[in-house]
Amino acid sequence: MKINIEKENRIAIKGHDNPDFDSVVSGILCCSYLKKLGYSCRYCLPSITDKPTLLALSHAGVDILQYISDIEDDEVLFLVDHHETNLKNTVVGCIDHHPTVKECSYPFYHNVKSSSCAVEILRMMTEAGIEVDEQEYYLAVFSVYMDTMSLRSSKLNESDVIWIGQICNRLGFDTGVMINDGLALTDIGEPVELIAQSNLKYYKFGSVNVASSDIHAKDLPQRLLDEITEHIESIVSDEKNGIDMWVLIIMNPVDYKTDVIKISGRGNITYEHHERLLSRSHDVMPAVEKTFI
Ligand SMILES: [Mn+2]
């Protein structure tokens with residue numbers, strides 16, 4: 001897969017809103033990739049990210065402050081870890097790992113199932129014969145831990161596990177920090193409003209606006225879950241917010257269980273329990289999308 005876009009463009013590489021670890025690392029790796037191909041580009045992080053992501057990024061040796069900047073009107077966009085944007089700028093390229101039935105007609109488009117977007121970018125770099133340094137390997141391996149709840153999510157590609165093991169052995173990476181950060185247990189001591197919006201993402205399926213948050217916890221007290229659900233009911237039932245459905249996902253990465261709670265208004269709630277760990281992007285949201293088409 002060869003990237004072939006106009007060289008005279010100034011490219012701004014952008015990850016999704018509410019950036020997570022994989023999104024940031026994908027931006028950094030993609031920037032390194034495009035620069036080595038001779039493109040003029042920079043990675044832009046328009047907003048600061050959440051505390052657990054910041055902590056993991058600092059463990060990975062990434063100083064994000066240097067990337068915080070707005071995208072300028074005369075720049076073209078290269079999207080990573082997502083494939084749609086509200087920005088007016090022209091999109092010239094996209095690398096994602098959220099395959100969709102929708103068609104994207106960007107000059108360069110690569111969207112395949114992969115444990116993380118960053119590991120897919122690193123694979124593309126090595127396949128293109130581009131030199132990858134140790135820190136870039138470290139970031140890609142770390143991103144898989146962060147995007148798969150420490151290799152426990154169904155999103156994980158088995159072939160990546162073997163590859164990660166080989167890289168960690170060869171380069172002597174200690175996975176202890178990655179495992180701990182990757183489980184990303186939600187701080188349930190925070191205010192209910194904050195817990196309810198953990199890892200919030202927005203989706204648009206046809207004309208339907210869907211919000212989704214996911215909480216990682218071993219034993220979420222029922223009373224707290226009730227308060228969270230009530231809070232979300234009040235958000236969804238307020239028409240000003242323009243949300244048709246909120247998908248609340250409670251993942252228990254310790255016992256491999258998932259609860260999916262769909263809230264479409266006050267009292268309009270469905271519950272599903274799964275005796276395995278689901279992935280939001282690979283299991284839950286594609287199933288939700290199917291119910292709307
Ligand atoms: Mn990702």
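Helices here are DSSP runs of H or I of at least four residues, numbered from the N terminus. I kept that numbering throughout these entries, and I note that the model is a predicted one.

**Entry: aromatic pair in helix 4**

I looked up Tyr138 and Phe142 in helix 4, which spans residues 134-147. The two are four residues apart, so about one helical turn separates them. I then counted aromatic pairs over the structure and got nine. Which residues make up the aromatic cluster with Tyr138 and Phe142? I found Phe21 and Phe173 in the cluster with them.

**Entry: a charge over a ring**

I checked Tyr137 next. Arg170 lies over the face of the Tyr137 ring, 5.5 Å from the ring centre.

**Entry: cysteines**

A disulfide is a covalent bond between the sulfur atoms of two cysteines. I searched the whole structure for disulfides and found zero. I wanted the reason, and went through two of the cysteines. For Cys31, the closest cysteine sulfur belongs to Cys41 and is 3.8 Å away, which is too far for a bond. The cut-off I applied is 2.5 Å between sulfur atoms. For Cys168, the closest cysteine sulfur is that of Cys117, at 19 Å, so this pair is also too far apart for a bond. Are Cys31 and Cys168 buried or exposed? Cys31 has a relative accessible area of 9% and is buried. Cys168 is buried too, with a relative accessible area of 11%.

**Entry: helix 1 against helix 3**

Two packed helices are described by the angle between their axes and the distance between the axes. I took both values for helix 1 (residues 21-36) and helix 3 (residues 117-127). The angle is about 15° and the axes are 8 Å apart. The two helices are therefore roughly parallel to each other, since angles under 35 degrees count as such. I recorded the crossing of helix 1 and helix 3 as left-handed.

**Entry: positive phi**

Most residues other than glycine have a negative phi. I looked for exceptions and noted Leu151, with a positive phi near 70°. Where does Leu151 lie? It is in the loop between helix 4 and helix 5 (158-171). Leu151 is partly exposed, with a relative accessible area of 25%.

Asn199 also went into the notebook, with a positive phi near 50°. Asn199 sits in the loop that runs between helix 7 (192-196) and strand 6 (201-205). Its relative accessibility is 38%, so I listed Asn199 as partly exposed.

**Entry: separations in sequence and space**

Asn18 is partly exposed, at a relative accessible area of 47%. How many residues separate Asn18 and Asn199 along the chain? They are 181 residues apart, while their C-alpha atoms are separated by 7.5 Å.

I then looked up Leu55, found in helix 2 (residues 51-59). At 46% relative accessibility, I put Leu55 down as partly exposed. Leu55 and Pro221 are 166 residues apart in sequence, and their C-alpha atoms are 26 Å apart in space.

Technical notes. Residues are numbered from 1 along each chain as its sequence is written. This is a predicted model: local features need pLDDT of at least 70, side-chain atom pairs count only at pLDDT 80 or more; totals for chains, interfaces and linings use all residues. Side-chain values use heavy atoms; hydrogens and water are left out. Buried means under 20% relative accessible area, exposed over 50%, partly exposed in between (1.4 Å probe, protein chains only). Rings of Phe, Tyr and Trp (its six-membered ring) pair if their centres lie within 6.5 Å; planes under 30 degrees apart count as stacked, over 60 as edge-to-face and the rest as tilted. A charge sits over a ring if NZ of Lys or CZ of Arg is within 6 Å of the ring centre and within 35 degrees of the ring normal. Axes are lines fitted to C-alpha atoms, for helices over the stretch in contact, and angles run from 0 to 180 degrees between N-to-C directions. Angles under 35 degrees count as roughly parallel, over 145 as roughly antiparallel, 65 to 115 as roughly perpendicular and the rest as oblique. A crossing is left-handed if the near helix is turned anticlockwise from the far one by less than a right angle, and right-handed if clockwise.
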